Amino acid sequence: MGGLIIAPKARLLHGHDWVYGTEVRAVYGDPQPGDVVALKDQRDRFLGSAIYNPHSQIVARRFSRRRQALDADFFRRRIRQAIELRERRLPGEELLRVVWSESDGIPGLIVDRYRDVLVVQTLTLAMHLHEEEITAALCELMQPRCILVRNDSGILAAEGLEQETHIAHGDLPTPFVASTGGLKFEVDPGHGQKTGLYLDQLSNYIRVARHAAGKYVLDCFCNQGGFALACARGGAGGVTAVDISEPAIEAVRKNARLNDVRLNAVEANAFDLLKAESEKARNGAELKWDFIILDPPSFTRNRKALTGALRGYKEIHLRAMQMLPVGGLLATFCCSHHVSRELFLQVIAEAAVDAHCTLRLVEEYGQRADHPVLLNLPETSYLRGFTFELAPGR
Ligand code: SAH
């Protein structure tokens, strides 16, 4: 087996599992892209087994502290452990991220379960090369009706991989209904953005909706309407759901019928809508909503985009606060690991200064338990959310 000698200050020596190109002192044994390599320090001490891709910025990702091959046994064992974790923490869920990459010890492999359909992403070269063992292990352990390999993420380019989608097992079913937390969603694994549902948010719909009874709710960036539907079910006085995507708004309407709730689904740019409505509110128009939900896409693909992203985050918070009465609620989420909890709170606090209001923390949220956070890999923690109440004193 070939290997890499790691520089003394490399993050791997401080607990992380990634090796950047700049942290490699030497390569020995002519490893090929996608191979398993040994990691060693400069004193020839063994640090673990990693997958190797010299074409990526992250040239190696450690997946074991021992000598370990990527064989059928390995995939069967790690995937079984991942399934067992979900059975313990989210029993009976039919919408699940079954395998989440590093957090389950399989860097680059994502497996989402939509009832008996599995959607697989192989986002590292090594996973891409081992698709056969992966699908065999999934068939053995889960007996799915279909396995769809859906490699359509922009991050594939970083590994030098092409985007492509194919069926690895069974037949792709027509759209079907799956439920979670008492809500029904239409699922269409072959289409929809990122397979349609944001699994990391599923447990937050109900938690947010617990505050919605009697409220007039505006769900911005609603996608398929998770928050909006849960609020409508939770006894909201009225619900408006906004998304810029036409298929998303169609899905919201379909899901509203499925769940037998009434809501107003609007295809619009949320920035424009918030701007227009906050101006009306500032000009003394009657306030339409007393519960606003903000769950925008991650505006930050990388660190460089951070400043613009923070400006965007601040703007929508400021507008939302201007539209809310004292006692009104603001639930807000940020799904970028470049934005820390502290930074996110700071942006919200700055918006509150400009909106002349005081925020009282009601509840805090994170990603669902099927997206486990590893302490040594801060990148695994990316979803932060809060519900605030506008305290008296405006
Ligand atoms: N709350 C959703 C997830 C939101 S993901 C859920 O739990 O499922 C972000 C959504 O924002 C996507 O559906 C995308 O279509 C939408 N979006 C992106 N830019 C937008 C904009 N400017 N205005 C409104 N929606 C936008």
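1. Strand S5 (46–52), strand S6 (58–64) and helix H2 (125–129) each contribute at least two residues to the lining of the largest cavity. Of the elements involved, S6 gives the most, with 4 residues. Helices (H or I, at least four residues) and strands (E, at least two) are DSSP runs, numbered from the N terminus. A cavity, found on a 1 Å grid over the protein atoms alone, is a set of points where a 1.4 Å probe fits but cannot get out, and its lining residues have an atom within 4 Å of a point.

2. The model discussed here is predicted: local features need pLDDT of at least 70, side-chain atom pairs count only at pLDDT 80 or more, and totals for chains, interfaces and linings use all residues. Residues are numbered from 1 along each chain as its sequence is written, and side-chain values use heavy atoms, with hydrogens and water left out.

3. On the cavity itself, a search of the whole structure finds 1 cavity of 30 Å³ or more. The largest cavity holds about 40 Å³ of space, where a volume is the space filled by probe spheres set on grid points joined across faces, edges and corners. Its lining consists of Ile51, Tyr52, Asn53, Ile58, Val59, Ala60, Arg61, Thr124, Leu125, Ala126 and Glu159.

4. The composition and origin of this lining may be set out together. By class, there are 7 nonpolar, 2 polar and 2 charged residues; Ala, Val, Leu, Ile, Met, Phe, Trp, Tyr, Cys and Pro count as nonpolar, Asp, Glu, Lys and Arg as charged, and the others, Gly among them, as polar. Domain 1 (3–64) and domain 2 (72–174) each supply at least three residues of the lining of the largest cavity, the domain bounds coming from an automatic or database domain assignment.

5. How many disulfides does a search of the whole structure find? The search finds 0, a disulfide being a pair of cysteine sulfur atoms within 2.5 Å. Cysteine 146 is in no disulfide, and the nearest cysteine sulfur, that of cysteine 139, is 9.8 Å away. Cysteine 146 is buried, with a relative accessible area of 0%. Buried means under 20% relative accessible area, exposed over 50%, and partly exposed in between (1.4 Å probe, protein chains only). For cysteine 222, the closest cysteine sulfur is in cysteine 220, at 8.7 Å, which is too far for a bond. Cysteine 222 also counts as buried, at 6% relative accessibility.

6. Aspartate 30 belongs to the loop between strand S3 (24–28) and strand S4 (36–40), and is exposed at a relative accessible area of 61%. Glutamine 143 is in the loop between helix H3 (131–142) and strand S10 (146–151); its relative accessible area of 59% makes glutamine 143 exposed.

7. Is lysine 40 buried or exposed? Lysine 40, a residue of strand S4, counts as buried, with 14% relative accessibility. Its side chain makes a polar contact of 3.3 Å with the side chain of aspartate 44. A polar contact is a pair of N or O atoms within 3.5 Å; within protein, one must be able to donate a hydrogen and the other to accept it, and residues adjacent in sequence count only if both atoms are side-chain atoms.

8. Serine 245 lies in the loop between strand S15 (238–243) and helix H6 (246–258), and is buried at a relative accessible area of 17%. A polar atom of its side chain is 3.0 Å from the backbone nitrogen of alanine 248.

9. Serine 336 occupies the loop between strand S18 (329–334) and helix H9 (341–354) and is buried, with a relative accessible area of 2%. Its C-alpha atom is separated by 9.9 Å from that of alanine 309, 27 residues apart along the chain.

10. Glutamate 267, in strand S16 (residues 264–267), is partly exposed, with a relative accessible area of 46%. Glutamate 267 and glutamate 250 are 17 residues apart in sequence, and their C-alpha atoms are 9.0 Å apart in space.

11. Lysine 9 is in the loop between strand S1 (3–6) and strand S2 (18–20) and is exposed, with a relative accessible area of 78%.

Methods
On a 1 Å grid over the protein atoms alone, a cavity is a set of points where a 1.4 Å probe fits but cannot get out, and a pocket is an open set with protein on both sides within 12 Å along at least five of seven lines; lining residues have an atom within 4 Å of a point.
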